[in-house]
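Visitor: I'm new to this one, and I'd like to be walked through the places where its ligands sit. Could you take it slowly?

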Amino acid sequence: MKDYNLTVLSNRQVSSRYWHMILDSSIIEEDIEPGQFFNIKSTVHQTYYPLLRRPFSIYLINDDALEFLYKVEGAGTKQLTTYQPGEKVNILGPAGVPFSIKKDCKKMLLLARGVGIATLAALSQKAAQMNIDIYAILSARKQDDLLATKTMEKYCKNVYCVTEEDGTSDVENVREIMHDLIETHHIDAAYTCGSKRLSMLLQKMTKANGITSQVALEEYMACGMGVCYSCVCDVKRQGVIHTVRSCEDGPVFPLEEVVFQ
Amino acid sequence: MKDYNLTVLSNRQVSSRYWHMILDSSIIEEDIEPGQFFNIKSTVHQTYYPLLRRPFSIYLINDDALEFLYKVEGAGTKQLTTYQPGEKVNILGPAGVPFSIKKDCKKMLLLARGVGIATLAALSQKAAQMNIDIYAILSARKQDDLLATKTMEKYCKNVYCVTEEDGTSDVENVREIMHDLIETHHIDAAYTCGSKRLSMLLQKMTKANGITSQVALEEYMACGMGVCYSCVCDVKRQGVIHTVRSCEDGPVFPLEEVVFQ
Amino acid sequence: MMKKELKMEVDIGGVKIANPVMPASGAFGEGMDTVIDFNLLGALIPKSITKYPQRGNRNPRACETKGGMINSIGIQSKGLNYYLEETIPYYEQYSAPLISSISAESIGEFAEMSSIIASIPSVAALELNISCPNLKNNGQAFGMSDEVTYQLVDRVREVTDKPLLVKLTPNVTDIQSIALAAESAGANSLVVANTPLAMAIDIHTRRPKIGNIMGGLSGPAIKPIIVRQIYQVREVSRLPIIGCGGVMTSEDAIEMMLAGASAVQVGTANFVSPTAMIDIIEGIQTYMEEHQLNSLGELIGGVIVTNQWEEDYI
Amino acid sequence: MMKKELKMEVDIGGVKIANPVMPASGAFGEGMDTVIDFNLLGALIPKSITKYPQRGNRNPRACETKGGMINSIGIQSKGLNYYLEETIPYYEQYSAPLISSISAESIGEFAEMSSIIASIPSVAALELNISCPNLKNNGQAFGMSDEVTYQLVDRVREVTDKPLLVKLTPNVTDIQSIALAAESAGANSLVVANTPLAMAIDIHTRRPKIGNIMGGLSGPAIKPIIVRQIYQVREVSRLPIIGCGGVMTSEDAIEMMLAGASAVQVGTANFVSPTAMIDIIEGIQTYMEEHQLNSLGELIGGVIVTNQWEEDYI
Ligand SMILES: Cc1cc2nc3c(=O)[nH]c(=O)nc-3n(C[C@H](O)[C@H](O)[C@H](O)COP(=O)(O)OP(=O)(O)OC[C@H]3O[C@@H](n4cnc5c(N)ncnc54)[C@H](O)[C@@H]3O)c2cc1C
Ligand SMILES: Cc1cc2nc3c(=O)[nH]c(=O)nc-3n(C[C@H](O)[C@H](O)[C@H](O)COP(=O)(O)OP(=O)(O)OC[C@H]3O[C@@H](n4cnc5c(N)ncnc54)[C@H](O)[C@@H]3O)c2cc1C
Ligand SMILES: Cc1cc2nc3c(=O)[nH]c(=O)nc-3n(C[C@H](O)[C@H](O)[C@H](O)COP(=O)(O)O)c2cc1C
Ligand SMILES: Cc1cc2nc3c(=O)[nH]c(=O)nc-3n(C[C@H](O)[C@H](O)[C@H](O)COP(=O)(O)O)c2cc1C
Ligand code: FES
Ligand code: FES
């Protein structure tokens with residue numbers, strides 16, 4: 001993890017609420033892995049508004065380009081949209097524990113919701129390079145919020161999209177899709193991000209089926225460097241609950257360990 | 001005085017430290033007079049940085065255009081430079097007591113320093129329309145800071161420029177120029193803005209020569225509407241010192257009344 | 001569908017006001033009457049008045065800080081006579097109730113001034129500024145001691161039946177004890193609060209940025225401190241609270257009401273945007289519509305503090 | 001021309017530090033070692049340690065405010081044993097002196113922990129966090145009473161000769177009396193201060209933005225309050241002061257030094273920019289060069305408060 005000033009290559013709106021930013025990452029020598037994140041300074045000015053950095057998962061990693069997909073929520077992401085190509089953006093990272101993929105993994109299941117799709121897109125990119133068959137379920141409120149479906153379709157064997165708009169995103173329906181997938185294919189590993197409810201569902205189903213699974217959490221972060229203990233979550237290891245930092249000890253955790261409150 | 005959102009017609013750098021902003025003032029129905037000022041919101045965003053508005057004198061007033069000449073000092077004026085033509089800027093005014101010109105005034109003397117030149121330029125514009133002969137002494141640190149000399153030359157009979165750079169701006173030299181002017185012409189009124197030292201000099205000389213004179217003060221303002229009492233200065237009237245608000249009771253005062261500390 | 005009529009009315013200790021937004025003393029005045037319609041405000045509060053005319057503190061009297069400003073005006077005032085002859089009659093032209101803010105040098109002077117001002121029919125209530133950090137040495141104020149607060153409010157209570165708003169200082173270890181002292185001495189409502197004492201230094205001239213060295217910090221920076229103090233006062237006192245400190249938007253006003261305030265005062269925001277108070281009133285109205293609230297009573301003190309937390313994501 | 005060698009050294013009550021910039025406890029840690037060189041810092045202060053491991057407060061633990069942030073971490077800690085076995089040895093790899101911040105539930109526990117930690121040779125000094133507003137009910141802290149402060153520091157003084165930094169709370173009516181209590185009980189320096197107690201409410205969920213309801217306000221918003229308190233403490237105490245609260249830039253650090261601080265601690269700024277402390281050190285150096293200062297002694301307490309004011313314009 002280091003403090004980098006990267007040049008913006010492109011920063012464009014891709015749907016009503018989502019933007020896509022590409023940075024020139026050629027100066028970064030460290031490895032960057034799916035599941036890791038960068039803590040981005042959303043303003044170049046000394047306005048201290050917003051005060052803190054904003055964490056964003058890696059969406060895609062190419063040779064010299066680092067991509068983020070972000071939803072415009074409040075002041076920070078609004079500011080992010082103002083960066084123009086050529087400007088420098090200050091980012092801190094890569095931070096956190098990435099997803100891990102077992103060498104013998106053949107088929108994986110991805111379950112993402114909302115901005116969580118961005119996080120799992122990076123994973124699908126890597127898994128595809130490892131020739132893993134990927135089955136992805138993408139959930140969002142509206143069709144328009146189903147970002148990165150193109151990217152996912154490129155890397156995945158099958159992509160299932162569910163939305164509230166279409167009345168397909170309820171837990172019951174998602175459970176059925178997953179059930180079918182697990183029945184049909186021999187799923188080696190499952191990954192999720194973006195929804196507590198779906199994470200709990202996946203936790204139950206993977207446990208029942210003995211599938212290794214990981215979750216990328218999105219807790220509120222102040223420092224993103226493991227020093228402030230703002231971003232904690234509870235994990236249970238050998239029967240003991242530990243309160244751990246999602247920025248340093250996560251954001252990716254074995255799904256079975258996470259205690260959802 | 002009202003709260004207006006005016007459209008920026010132009011906002012350009014005119015010297016190393018000065019900028020010139022022109023606003024479409026066609027919606028303003030109130031009279032705007034030289035010596036008055038507007039309290040400008042330097043940022044459109046809710047960053048509260050800087051928090052307060054910034055007061056600027058009227059530089060030129062044309063039919064539907066209001067012009068300001070401003071020096072880039074700190075955060076507020078830096079922000080001001082970011083306004084693009086077409087954008088709206090929120091201004092509050094016209095505020096304060098303007099310069100007054102006696103009907104029978106034939107010849108006037110202007111003594112301005114730094115940004116004070118902008119303030120007296122407005123006056124010269126009006127006085128020229130009244131066919132008054134204007135003699136102006138403009139003082140600044142550097143030649144490059146002698147803004148609006150073109151404008152002044154248009155309206156004035158004679159413009160004397162003095163600077164530290166040329167070693168001509170010391171009080172002694174300015175006193176001599178003024179002395180000569182007062183000796184040569186029958187000066188009816190004198191006006192000054194931008195320098196305490198020069199104001200004190202003018203105060204002495206106009207008193208000695210029985211010339212009516214006015215000064216536009218630039219005290220630190222928080223509200224610019226006469227409610228907070230941040231911007232006070234002392235004036236002596238009939239032997240009694242009054243602490244008055246420069247935004248509401250000024251910024252223009254009879255020079256002989258002002259008590260310089 | 002018929003638009004519901006929204007009740008923005010609140011009672012602030014015997015004064016019924018049409019809406020919960022009023023100016024903070026010292027940050028409002030006649031100069032604003034061309035910019036906003038004073039009759040739209042919940043109440044009108046001119047700058048604190050002193051018995052005798054006084055010039056106030058030396059310049060500079062205000063400076064900016066990050067997210068706030070410091071002022072040390074020192075209550076420049078034209079004195080009680082001018083107030084009776086000019087200020088009160090001026091405000092009589094408006095229908096919004098007039099609340100007179102009083103600043104004094106001693107408890108006796110507070111009582112004396114209160115008795116005179118309260119006797120004017122058009123004065124709806126008195127606000128006792130026992131918290132001005134500028135007047136006394138090192139920021140000492142009457143409101144820093146619960147005993148002094150009790151004695152002061154008690155003495156003023158003796159001379160008038162008009163509603164008494166007591167404006168507390170935030171510069172105390174235990175605002176609850178001060179609030180209780182004011183309440184038991186007969187205050188009708190509590191203004192929480194005045195300004196935290198603050199200082200700034202120009203690193204190039206090495207001079208304090210305020211002529212009086214220290215002054216009161218106002219603006220958005222202090223809001224979280226004030227919200228906390230409103231919540232703390234609400235825990236111990238049943239008096240209506242008027243939140244004051246850092247209200248810039250309707251969201252800020254609503255936040256203070258949720259913490260326990262019945263109304264809010266707006267100071268620094270007027271300087272940033274003289275229409276701020278009107279915008280805040282409208283914003284509260286919109287919020288009430290969106291959240292289908294019939295009266296502000298459903299908002300005041302409505303913060304939910306339980307062990308149950310909303311799930312942050314589904 | 002030869003570049004003058006700048007003396008950035010200061011003595012903070014028995015600990016000589018190479019420069020006046022160090023982290024604020026709780027806003028610094030091992031995770032930053034890939035971003036900045038710890039040896040460039042004046043001192044190293046890890047998060048306050050408690051005797052037993054504790055989980056800290058419930059989420060959310062931090063939120064932003066205008067110009068600041070509120071936190072209520074609640075001193076999540078791995079306990080004293082872990083600290084002795086892991087934390088201290090980790091910091092031993094650095095040459096910058098290690099200052100251990102201690103948080104405890106009672107005066108006895110403060111003394112017990114201090115005695116153990118002070119006995120480790122690599123610990124240069126202790127910082128007593130008597131001001132954490134999160135631990136006790138309603139933000140009560142040891143440092144809110146001058147008597148308790150005296151007793152606490154006095155007891156710790158008995159068990160160690162190592163320099164004692166006492167971190168005061170800003171949430172008091174009279175910080176001077178607390179400072180004097182700490183001084184007369186044997187403190188070697190005073191950290192002015194910890195965080196003002198604060199609160200924020202989400203107006204849509206109606207929930208406090210902090211799980212613990214209230215928390216400490218930090219960041220640029222509080223700097224003017226802290227500068228004032230440094231100035232006040234300096235008026236009565238001759239102990240070295242370490243300014244803490246809202247230092248984001250070298251200008252802020254210099255301002256605090258002019259007010260009376262010998263050094264500064266940097267907290268929230270590390271989150272905004274992890275290189276902030278290094279930038280601040282360099283900025284102070286540049287300022288010293290520009291103002292031709294030979295040592296920081298020429299800066300500390302150098303604010304000019306006279307009746308003479310610079311002319312604001314010539
Ligand atoms: C590890 C991680 C990875 C993330 N990856 C992505 C991503 O790839 N794309 C994306 O669109 N979003 C992502 N997020 C969420 C993103 O950080 C927030 O949406 C963003 O910070 C909102 O900032 P804002 O100022 O626009 O909104 P605000 O108005 O500040 O907040 C809106 C919402 O965002 C949350 N939030 C605000 N600040 C933070 C913070 N510092 N840490 C965590 N949550 C915060 C708030 O709790 C609130 O619910 C990620 C979050 C984390 C922790
Ligand atoms: C009536 C009046 C008319 C003015 N007319 C002009 C003009 O026509 N052109 C021009 O360039 N400047 C003018 N000024 C000065 C101008 O207002 C300041 O230069 C400007 O506010 C600086 O803001 P800043 O944020 O850039 O700098 P800051 O970093 O905030 O301050 C730089 C300097 O400006 C002064 N200043 C800052 N804020 C204010 C304020 N609210 N009121 C008064 N002074 C302030 C400070 O004391 C400091 O000396 C006028 C000032 C007044 C009071
Ligand atoms: C310039 C100025 C003058 C003030 N004068 C007074 C005063 O005379 N009496 C008083 O009780 N409060 C006075 N205050 C404090 C305000 O009434 C209010 O308590 C404070 O500014 C906090 O509110 P805000 O953050 O909305 O400004 C003054 C504040 C400012 C900024
Ligand atoms: C996330 C966080 C955790 C903190 N933890 C501690 C702590 O454990 N002990 C302590 O004495 N102060 C703690 N503080 C307070 C800081 O040390 C410091 O006093 C405060 O943040 C003000 O400084 P700043 O404005 O530079 O952040 C913490 C502050 C923050 C923001
Ligand atoms: S965000 Fe600070 S420890 Fe994780
Ligand atoms: S600036 Fe507020 S009274 Fe003049």
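**Around the ligands**

Guide: The largest share of the shell around ligand 1, four residues, is given by β4(A), where strands (E, at least two residues) and helices (H or I, at least four) are DSSP runs numbered from the N terminus. This is a predicted model, in which local features need pLDDT of at least 70 and side-chain atom pairs count only at pLDDT 80 or more, while totals for chains, interfaces and linings use all residues. Residues are numbered from 1 along each chain as its sequence is written, chains are lettered from A and ligands numbered from 1 in the order in which they are written, and side-chain values use heavy atoms, with hydrogens and water left out.

Visitor: How many residues surround ligand 1, and which are the closest?

Guide: There are 21 of them, and the closest are Pro55(A), Lys71(A), Gly74(A), Gly76(A) and Thr77(A); a residue is near a molecule if one of its heavy atoms lies within 4 Å of it.

Visitor: What lies 2.4 Å from an oxygen atom of ligand 1?

Guide: That is an N or O atom in the side chain of Thr77(A), and it is a polar contact in the sense of a pair of N or O atoms within 3.5 Å (within protein, one must be able to donate a hydrogen and the other to accept it, and residues adjacent in sequence count only if both atoms are side-chain atoms). Backbone atoms take part as well, with a polar one of Pro55(A) 2.6 Å from a ligand 1 oxygen and a polar one of Gly76(A) 2.7 Å from a ligand 1 oxygen. Of the 850 Å² of accessible area that ligand 1 has on its own, the protein covers 80%, by the Shrake-Rupley method with a 1.4 Å probe (for residues, only the protein chains shown count as cover).

Visitor: What is the shell around ligand 1 like by class?

Guide: It has eleven nonpolar, four polar and six charged residues, counting Ala, Val, Leu, Ile, Met, Phe, Trp, Tyr, Cys and Pro as nonpolar, Asp, Glu, Lys and Arg as charged, and the others, Gly among them, as polar.

Visitor: OK, on to ligand 2. Which residues come nearest there?

Guide: Of the 21 residues around ligand 2, the nearest are Pro55(B), Lys71(B), Gly74(B), Gly76(B) and Thr77(B). A polar side-chain atom of Arg54(B) is 2.8 Å from an oxygen atom of this ligand, and polar backbone atoms lie 2.6 Å from a ligand 2 oxygen in Pro55(B) and 2.7 Å from one in Gly74(B). The protein covers 79% of the 850 Å² of accessible area that ligand 2 has on its own.

Visitor: And which element gives the largest share of that shell?

Guide: For ligand 2 it is β4(B), with four residues.

Visitor: Last topic: why is the site of ligand 3 shared between chains?

Guide: Ligand 3 is surrounded by residues from chains B and C, so its site is shared between them. Of the 23 residues around ligand 3, Ser25(C), Ser48(C), Lys167(C), Gly246(C) and Thr268(C) come nearest.

Visitor: What do the oxygen atoms of ligand 3 touch, say at 2.6 Å?

Guide: At 2.6 Å from a ligand 3 oxygen there is a polar side-chain atom of Thr268(C), while a backbone N or O atom of Ser25(C) lies 2.7 Å from an oxygen of that ligand. The protein covers 98% of the 600 Å² of accessible area that ligand 3 has on its own, and the shell divides into eight nonpolar, 13 polar and two charged residues.
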